[in-house]
Amino acid sequence: MIEARHLRVLRAVAATGSFSAAARTLGCTQPAVSQQMKALETSAGTPLLIRTGREMRLTQAGEALVRHASGILAGLTAAEEEIAAIAGLRAGRVRLVSFSSGSSTLVPTALAALRAAHPGTRVSLVEAEPPRSVEMLREGDCDVALAFRYGGTDTEWDDLVARPLLTDRLVGLVPESHRLAGSDSVTIGDLADEPWIAGCPRCRRRLVEVCEEAGFTPRIDFATDDYPAVIGLVAAGLGVAVLPELAMESVRPKAARTVTVEPAVQREIVALTLPDLAQVPAVAAMLDQLTLAASRRP
C-alpha cells in the first residue's frame with residue numbers, strides 16, 4: 001500500500017534531484033529518505049528512480065507516480081483541513097429529529113445557543129414522534145433524536161446513548177364552563193364519564209392505561225397529533241384532555257382551563273444518539289445545548 005508520507009518524499013526527491021537535498025527540504029536525514037524510497041518502491045513493485053552517481057532520475061513509473069502525487073496529496077490536505085474544521089466545530093452538521101412540543105420549546109433555545117457558539121455548524125430539523133423518531137436514529141436518518149417515554153422499560157434504549165433532559169408532567173384541560181374548571185386539582189376518576197380528546201399514539205396509549213388503572217375505559221371521541229387542535233376541541237366543549245406541560249407552554253388556551261391531575265402522570269424527555277455519534281463534536285455540542293436548555297426551564 002502506497003503511503004502519503006512516501007509520496008511526499010518521492011516528490012521532494014524528484015524536485016531536488018538527490019536524497020541529501022530532499023532530506024534538507026524535508027527536515028530529516030538522508031538515510032531516512034533512502035529508507036522511505038525503498039519502502040515506496042517495494043509497495044509499487046517496480047523501480048521509481050535511476051541512481052547515476054549523485055543524481056537521481058525518475059523512471060517512467062516514477063514520473064507517473066509523481067504526476068499523481070500532487071493531486072493525491074492536495075486531496076489529503078483538503079481532507080485533513082475539513083476534518084480539523086469539523087473537529088474544531090468550525091464546520092459540520094447535526095441532523096435533529098424532535099416531537100412537536102419539544103420543537104417549540106427546548107429546540108429553539110438549544111439551536112440558537114449552538115449557532116451563537118459555533119456558527120459554522122449546520123443543523124437540520126424534522127419532526128417525528130417516538131417510536132418513529134428512535135427508528136430514524138437507528139436507521140441512520142438523523143444524528144440526535146429528542147424523544148419521550150412513559151415509564152419505559154429499562155431495555156428500550158439500551159443500544160443508545162440517552163441524555164436525560166427533564167420530567168414533563170401532564171396537566172388536565174377542560175372547557176372553561178366545565179364543572180371542574182375552577183378546581184385546584186382533579187383525579188382521572190373525576191373525568192371518567194367525560195368524552196376525551198387524545199393526542200399522539202404513544203400519549204393515547206398511556207391515557208388508556210392510566211384510565212384503566214383508575215377503573216374505567218375512556219371514551220375517546222377525537223384523536224389528533226396537533227396540540228392546538230386538541231386545545232381547540234376542548235375549548236369548543238367537545239371533551240376533556242390531558243396534555244404535557246411542554247405542549248401548553250407554546251399554545252395559549254382560549255376558552256379552556258388547565259387543572260392539576262392527581263396522581264401525577266409524567267413522561268421522561270431525553271436526547272438520544274448512537275454511541276459512535278456521541279463522539280462527534282457537533283453532536284456532543286447539540287446534546288450539551290439541549291441539556292442546558294432543559295435546565296433553564298422555570
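I count a residue as buried under 20% relative accessible area, as exposed over 50%, and as partly exposed in between (1.4 Å probe, protein chains only).

I am working on a predicted model: local features need pLDDT of at least 70, side-chain atom pairs count only at pLDDT 80 or more, and totals for chains, interfaces and linings use all residues. Residues are numbered from 1 along each chain as its sequence is written, and side-chain values use heavy atoms, with hydrogens and water left out.

**Overall form.** I looked up the secondary structure and found 11 helices and 12 strands. These are DSSP runs numbered from the N terminus, helices (H or I) of at least four residues and strands (E) of at least two. The C-alpha trace spans about 105 × 35 × 25 Å along its principal axes. I noted a radius of gyration of 31 Å, whereas a compact globule of 298 residues would be near 19 Å. That radius is taken over C-alpha atoms, and the globule rule is 2.2 Å times the number of residues to the power 0.38. Of the 298 residues, 43% count as buried.

**Aromatic pairs.** I searched the whole structure and got two aromatic pairs. Rings of Phe, Tyr and Trp (its six-membered ring) pair if their centres lie within 6.5 Å; planes under 30 degrees apart are stacked, over 60 edge-to-face, the rest tilted. Phe99 and Phe148 have ring centres 5.0 Å apart and planes at 85°, so I logged the pair as edge-to-face. Phe99 lies in the loop between strand E3 (93–98) and helix H5 (100–103), and Phe148 in strand E5 (residues 144–149), so the pair ties together parts 49 residues apart in sequence. Both Phe99 and Phe148 are buried.

Phe148 also pairs with Tyr150, again edge-to-face: 5.8 Å centre to centre, 80° between the planes. Both of these residues are buried.

**A charge over the ring.** Which charged end sits over the ring of Phe148? I found that of Arg267, 4.4 Å from the ring centre. My cut-off was NZ of Lys or CZ of Arg within 6 Å of the ring centre and within 35 degrees of the ring normal.

**Cysteines.** I searched the whole structure for disulfides and found zero. The test was a pair of cysteine sulfur atoms within 2.5 Å. Cys142 is in no disulfide; its nearest cysteine sulfur, that of Cys200, is 17 Å away. Cys142 is buried, at 2% relative accessible area. I have Cys28 down as partly exposed, at 31% relative accessibility.
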